[in-house]
Amino acid sequence: MPGFRRWGKSKLGRNPESSFKLLAAIIVITLYLLFKEFQNPTIRDRGTSRPGVQIQHAQWNGTGKAHESRAESVRDAMRHTFWRYRENAWGCDDILPVSGGNSTSRNGWGAFIVDSASTLVLMGLWDELALSLDHILAIDFTQAKDLVDPFETTIRYLGGLLSIVELYDVGLVPEHILQREARHVILGHAVTLAEKLAPAYDTPKGMPWPRLDFDTGQGESTPAFRSRNDGEQNHPAIGPARTGSSILEHRVLTRLTGDATYTQKSTSAWAPLVWSKWKTPWAGMVDAPIDIMTGEPVGRQRHWDGGHDSYYEYLLKMTLLAPPSDPHIDLYKKRFTDAAFSLRSHLSSRSAPAAEHYMQHLFIGRQNDRRYENHQGHLACFAPGTILLASKYYHQPYLRTFALALLEGCRHTYTSTPTKIGPETWSWVPKFSYDDPLFVPETARQKTEARASGIWAREPAYKGRPEYVESLFYAWRITGEPRYRDWAWEAFSAMEKHCKAPFGYAQLADVYDVQSEGGEKWVDVQESFWAAETLKYLWLTFADVEVASLDSWVFTTEGHPFRMIR
Ligand SMILES: *[C@@H]1O[C@H](CO)[C@@H](O)[C@H](O)[C@H]1NC(C)=O
């Protein structure tokens, strides 16, 4: 054969000595690479990235390697979180980190275990993962304690299950920890759960009920969702996040099962937002709350903060997850970009210099009917990371500048408190007056804080939330600037110092309080997102930049990685 002959006549073939050396070198290099691979099985992406997608910073020149000691400290925090739960509350939804008690507020399936599993995979905590998988395989999702919240159940449980399958499918879970048959059982659980949740969407517009009874399949409302139109049970009104944060999970479920109905359900659920008949004066942004029966806004709240946030997040992430051939992708991109520019023009606000603090910071407020509210929540600190992600993917330099300025604002809320952790909500004096800013410092304490830092806490708690460190993770991976890693370390060190409790990591009652001892300063609650998101994003920030690369993975609003679909 000509091909064979050509090979035989090659330079290699003519000089047996040099070809032997080359062969030896190849064997040595291969053994070394195999060794590296087994040493750290999490460091690979298995070529899942979509051609042409370059989100992460490209020229690392060696600076993208793991910061081993910091990564290990975060991993230790995960071990503490896991083992105290394992010893004291195994199988319950969450542990109470101060008392060692437990809570069953997420229907009793073991929310912590399902929500934290993808963090265990990425960190390579295999003993812990093996225990978690044993529990997960035995869950019965057809029975629920109490009414089910379709939104929370989708992002924590359904997203958590699907992420395990995704990570397994690219080879990131060792076969001796999870076998193929068990992987099928987990996907089966996801299908069961999605089918049990399906009746929540049986409304005229396909928007979900805020609660669902698993025994009867009946949608339910609660007093918190009574619409203003009609104080009755049968017209609940919800924020855009509740109807606009299931499409990533359902799109992945469609890919894994081949069943298109999941994606169709989620497309209908957010259609009243994406294809809204009720135009707002601000492109891309929707008014809320929204009546689930008519799709009509019954209030005039417009913002990117809690309750609205992940609708905007999923517009962008759907364009990253799904291939460009998917219908509607261009429209989702337009909606996201419009909404981000509307946020910039209408809701972002620079703080005025304060008596003892001359710096100005950029924050994002909220619109409530005709009033501008100079008020931001920690939840809205997801926006810098998400907008930065969009700026890279959509080639929008203005959004990059905007996102990084917002991130600096979020950091300021952390660095200006004595604990070095930011409050749940805060206000500022706007530099450019909205005629009559809604919030002004009133109490002596608020005045002191405002004088010292230009902001004052409205709700001074820290609830273990991830949004600030989540945005730092995006900033580090996308810009490659080491200061974002340092900021993440400052935040983690503060959490380690102030939140670490006997049975996990507690919430803080007041981030300005460094006087109270132990139990006094703590709130005895640890939400599953502490392990699913806060610790995951912190660890990923110190891990090698190739681990769970943004060129291959899309993180859900609960921090669960999904593969980009080619
Ligand atoms: C959860 O707390 C209850 C008391 O509130 C206790 O009886 C139960 O044993 C605890 N569960 C676990 C798994 O420790």
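Me: Why is Asp149 called buried?

Reply: Buried means under 20% relative accessible area, with exposed over 50% and partly exposed in between (1.4 Å probe, protein chains only). Asp149 has a relative accessible area of 11%, so Asp149 counts as buried. This is a predicted model, where local features need pLDDT of at least 70, side-chain atom pairs count only at pLDDT 80 or more, and totals for chains, interfaces and linings use all residues. Residues are numbered from 1 along each chain as its sequence is written, and side-chain values use heavy atoms, leaving out hydrogens and water.

Me: What makes Arg242 and Asp149 a salt bridge?

Reply: A salt bridge needs a side-chain nitrogen of Lys or Arg within 4 Å of a carboxyl oxygen of Asp or Glu. Here the closest N and O atoms are 3.0 Å apart, and Arg242 forms a salt bridge with Asp149. Arg242 lies in helix H9 and Asp149 in the loop between helices H6 and H7, so the pair ties together parts that are 93 residues apart in sequence. (Helices, H or I with at least four residues, and strands, E with at least two, are DSSP runs numbered from the N terminus.)

Me: Is Arg451 buried, exposed or partly exposed?

Reply: Arg451 has a relative accessible area of 39%, so Arg451 is partly exposed.

Me: How many salt bridges does the whole structure have?

Reply: A search finds 29.
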